[in-house]
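This briefing is intended for a reader meeting the structure for the first time. Please keep the sequence and the model in view while reading the points that follow.

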Amino acid sequence: MNKIPSFEKNHDTLQPGLHLSTRIAGVTTYDLRFKKPNAGNYISDKALHSIEHMLATILRNGAYQDKIIYFGPMGCRTGFYLLTIDLSYIDVLSMLREAFTKSLSLTEVPGAKREECGNYLDHDLASAQTECRAYLDILQNIPEDEILLEQQKENHD
Ligand SMILES: [Zn+2]
């Protein structure tokens, strides 16, 4: 089988941040990398699951709700995927800064009732918010040159 694009990146050199991964058929995939890969520090199962519920809910209630195709966790627990249409890197960056700020003020995990979720006891709001706060800090400190590099990827496909 052919290697898929996300396996072709050298994960040992991937840094936490917001990376434009692919743009296929008008759908752009972003790599929301919370953790440096293979560095012994991963998002817990519960936090990963809760962040999925929290951000999917916030993004689908936000200004760009019609542009969000998917938000979900990476199996390696180092981050999340976000699939969008018709948004620039800068749009996504500011949308995510706002969304992660909002996530810190939630008082419960959305959709975490038994009838709403496939593993409803597997949630932890506090540890999810700890991860969200750390990622927001990453988003607020992406160096200008890195933003320019990510923006250049937009024009390549
Ligand atoms: Zn769930």
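Glu108 is exposed in this predicted model, because 12 other C-beta atoms lie within 10 Å of its own, and a residue counts as exposed at 12 or fewer. Glu108 belongs to the loop between α3 and α4.

**Helices α3 and α4**

- The axes of helix α3 (residues 89-103) and α4 come within 9 Å of each other and cross at roughly 150 degrees.
- Angles over 145 degrees count as roughly antiparallel, so α3 is roughly antiparallel to α4.
- The crossing in which α3 passes α4 is left-handed.
- On the α3 side, the contact is made by Leu93, Leu96, Arg97, Phe100, Thr101 and Ser103.
- On the α4 side, the contributing residues are Gln129, Cys132, Tyr135, Leu136, Leu139 and Gln140.
- Sorted by class, this contact of α3 with α4 has 7 nonpolar, 4 polar and 1 charged residues.

**Helices α2 and α4**

- Helix α2 (residues 45-60) and helix α4 (residues 125-140) have axes that come within 8 Å and cross at roughly 75 degrees.
- Since angles of 65 to 115 degrees count as roughly perpendicular, α2 is roughly perpendicular to α4.
- From α2, the residues making the contact are Lys46, Ala47, Ser50, Ile51 and Met54.
- From α4, they are Leu125, Ser127, Ala128, Glu131 and Cys132.
- By class, the contact of α2 with α4 has 6 nonpolar, 2 polar and 2 charged residues.

**The nonpolar core**

- In soluble globular proteins, nonpolar side chains tend to be buried together.
- The largest nonpolar core of this model has 27 residues.
- Within this core, Ile51, Leu55 and Ala99 are the residues with the most contacts.
- The strands that give two or more residues to the core are β1 (17-24), β2 (27-33), β3 (68-73) and β4 (79-85).
- The helices that do so are α2, α3 and α4.
- Helix α2 supplies the largest share of the core, with 7 residues.
- Apart from neighbours within four places in sequence, Leu55 is in contact with Phe71, Ala99 and Ser103.

Terms used:
Residues numbered from 1 in each chain as written. Predicted model: local features only at pLDDT ≥ 70, side-chain atom pairs only at ≥ 80, totals over all residues. Axes fitted to C-alpha atoms, helices over the stretch in contact; angles between N-to-C directions. Helix = DSSP H or I, 4+ residues; strand = E, 2+ residues; numbered from the N terminus. Parallel < 35°, antiparallel > 145°, perpendicular 65-115°, else oblique. Contact = placed C-beta atoms within 7 Å. Nonpolar A, V, L, I, M, F, W, Y, C, P; charged D, E, K, R; others polar. Left-handed = near helix turned anticlockwise from the far one by under 90°. Core = buried A, V, L, I, M, F, W, Y, C linked by C-beta atoms within 7 Å. Buried ≥ 20, exposed ≤ 12 C-beta atoms within 10 Å, placed from the backbone.
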